[in-house]
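Colleague: I have a model open and would like to learn how to read its local features. Could we go through them one at a time?

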Amino acid sequence: MCGICGFIGKVDNSREILKSMMDKMAHRGPDDEGMYVDSDAAIGHRRLSIIDLNHGAQPMYNETGELAIVFNGEIYNHLDLRKDLIDKGHEFATECDTEVLIHAYEEYGRDMLSKLRGMFAFVIWDSKNKKAFGARDHFGIKPFYYAQINNVLVFASEPKVILNYPEYKKELNVEAMEQYLSFQYSVLPETFFKGIYRLPAGHFMELEEGMLTIDRYFDPMHYPKESANLDQTVSEIEDVVTETVNAHMIADVEVGSLLSSGVDSSYVVSEFPGEKTFTVGFLDKQSKYNEIRYAEGLVEALEGKKNFSKTIDSDEYFDSIPTVMYYMDEPLADPSCIALYYVDELAANQIKVVLSGEGADEFFGGYNIYHEPYSLAKYQKLPKFLRKGIGAIASHMPDIKGRDFLIRGSKSVEERFIGNANMFSMKERSKLLKNPVSKESPMDIVSTTYQKVEGLNDIAKMQYIDTNFWLQGDILLKADRMSMAHCLESRVPFLDVNVFSYAKTLPIEYRCDKNTTKRAFRMAAKKHIPEATAKKKKLGFPVPIRVWLKEDKYYDKVLATLKSDVAEKYFDTEYLEKLMIDHRNGKADNSRKIWTVYAFLVWYNVYFENEDFEPINSEWLKKRIRTA
């Protein structure tokens with residue numbers, strides 16, 4: 001796990017500029033740094049040493065020195081690729097997976113991407129042909145951002161690094177903010193910073209003679225089988241999970257695992273040969289917001305495991321929000337990102353690599369919302385025109401039980417589902433925003449993606465939407481940023497091309513049925529972990545935001561931010577205050593809507609109001625970071 005950055009084009013003082021950019025991402029690679037600079041390119045690297053600790057410095061080069069690479073991630077099949085490349089005549093100087101990438105590019109060009117198993121973002125500079133090639137992994141585990149500024153391509157692992165490029169002029173992308181209000185994360189190709197873009201998952205870029213081209217090399221399309229033997233399927237899932245967890249253990253340092261009360265991380269912990277697990281919670285141990293008692297119970301049931309835990313108090317939580325938004329780079333309204341910040345901090349005090357359970361829900365059908373096609377089935381047998389009429393009437397009713405069912409049932413999945421989060425509707429946004437600029441609705445944004453899966457079952461469609469949007473924009477964003485904030489590598493065994501190759505063919509009824517999510521996956525897990533854990537309903541990462549927002553201290557703190565000068569600039573603050581009052585009085589649970597706006601305003605303060613912001617762990621980082 002590392003950080004990469006650089007620029008392709010003729011730039012004065014390129015070495016000094018590159019060093020400034022590298023310093024901005026030192027938290028991603030505290031162990032070493034390196035750069036390559038010529039008259040046409042400058043590429044830099046910060047290293048977190050995981051494999052071949054003594055010989056893995058980057059940039060790394062081919063035999064002639066004409067190709068240079070900076071790489072962030074891990075290639076889990078690099079030993080097999082190395083053997084193949086040696087057989088083809090390539091010579092290696094290290095044991096690093098980085099060197100495998102550069103020789104694979106020599107041998108296969110862009111076709112190398114189809115051979116990789118891992119998480120990665122990298123750029124290769126061909127100094128002889130004046131050509132750059134970059135790519136991001138299949139599912140977007142590793143980040144990749146870029147901007148074109150005065151005919152120079154600037155790239156980095158994080159937007160904050162590009163902000164340090166002197167020719168970039170910082171400006172808020174208001175359209176990104178407006179769509180964020182619905183999705184709860186940054187969903188557009190262009191980030192919250194005008195002119196800075198993310199390279200999407202499964203895409204590569206090439207720059208030659210000043211022309212930048214971007215194309216897709218991998219599309220996580222689902223192809224569900226009509227049927228399969230259930231017992232055999234469960235056995236196959238067991239084999240897939242065992243193999244991928246073992247593959248993700250490759251390291252020359254100790255590997256631990258994050259552990260919640262859910263089936264995904266519990267299954268990982270049961271399979272990985274490591275010892276240490278890490279858990280955080282809120283309130284007291286008996287609270288539904290505290291998973292520590294479940295984690296302690298699991299490690300007690302399994303042999304050779306230890307659990308390290310921390311209960312986060314409310315003051316800690318709120319005090320850390322500006323720091324979390326700083327590391328996040330863009331606002332994220334998922335309250336669990338703060339919890340993840342603390343569990344990664346807990347782990348980083350002991351180890352450098354953790355496994356985590358992300359991806360199982362998207363691949364195996366784990367989100368509770370995937371039940372919806374079953375619950376709506378009978379209602380949707382009514383003629384469409386009748387359901388539309390009922391839905392229109394229901395939309396004007398008070399927020400009572402059954403209202404949302406009537407509204408959602410009146411719509412097709414393409415009309416109602418934009419992913420796991422759907423905060424403010426277009427109607428609500430029109431009330432909230434003072435001067436809206438976006439002409440696209442959330443459904444417009446996902447419509448092109450839906451067109452690719454027109455013939456699929458509704459559950460498979462929802463999985464495809466989540467994999468392309470929610471997974472990249474929320475789940476993997478926070479996993480990367482919160483671990484890197486503590487110089488920690490986070491690995492996600494379920495988000496593996498081999499796992500997806502199997503999961504994409506699962507029959508729909510083995511993903512989700514009327515009674516449970518991740519049906520076949522849970523049955524496989526039950527053979528390795530306690531039955532109660534395997535059957536446990538998905539909670540996400542429970543955070544008591546709705547509770548805290550009713551307490552005077554935090555109610556006043558959040559309300560003051562929602563009525564600030566910055567809030568006045570973009571929002572109808574009277575509307576925001578009403579959301580707060582109604583929430584406090586129990587008229588509606590507005591906690592997630594309130595949090596969405598609050599997170600944006602805290603982020604805005606960090607990036608546009610407070611140029612000298614220092615994260616709360618800055619002193620710890622100064623001690624951890626070594627300069628070359």
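Colleague: How far is Lys 593 from the ring centre of Phe 424?

Modeller: A charge counts as sitting over a ring if NZ of Lys or CZ of Arg is within 6 Å of the ring centre and within 35 degrees of the ring normal. Lys 593 lies over the face of Phe 424, with 5.9 Å to the ring centre. Another case is Lys 115, whose charged end sits over the ring of Tyr 108 at 4.4 Å from its centre. Keep in mind that this is a predicted model, where local features need pLDDT of at least 70, side-chain atom pairs count only at pLDDT 80 or more, and totals for chains, interfaces and linings use all residues. Residues are numbered from 1 along each chain as its sequence is written, and side-chain values use heavy atoms, with hydrogens and water left out.

Colleague: And ring against ring: how many aromatic pairs are there?

Modeller: Rings of Phe, Tyr and Trp (its six-membered ring) pair if their centres lie within 6.5 Å; planes under 30 degrees apart are stacked, over 60 edge-to-face, and the rest tilted. By this rule there are 50 aromatic pairs. Take Phe 282 and Tyr 317: their ring centres are 5.8 Å apart and their planes stand at 75°, so this pair is edge-to-face. Since Phe 282 belongs to strand 14 (residues 276–282) and Tyr 317 to helix 9 (residues 314–328), the pair ties together parts 35 residues apart in sequence. Helices (H or I, at least four residues) and strands (E, at least two) are DSSP runs, numbered from the N terminus.

Colleague: Are Phe 282 and Tyr 317 buried or exposed?

Modeller: Buried means under 20% relative accessible area, exposed over 50%, and partly exposed in between (1.4 Å probe, protein chains only). Phe 282 is buried at 1%, and Tyr 317 is buried at 0%.

Colleague: Which residues of helix 25 are buried?

Modeller: In helix 25 (residues 552–562), the buried residues are Tyr 554, Tyr 555, Val 558, Leu 559 and Leu 562. They span an arc of only 125° around the axis (taken from the directions from the helix axis to the C-beta atoms), which puts them on the same side of helix 25. Their cover includes helix 9, helix 26 (565–570) and helix 28 (591–609).

Colleague: What does His 138 contact, leaving aside its neighbours within four places in sequence?

Modeller: Contact means heavy atoms within 4.5 Å. With those neighbours left aside, the contacts of His 138 include Leu 113, Phe 120, Tyr 217 and Val 497. His 138 is in the loop between strand 7 (131–136) and strand 8 (145–149), and is buried at 6% relative accessibility.
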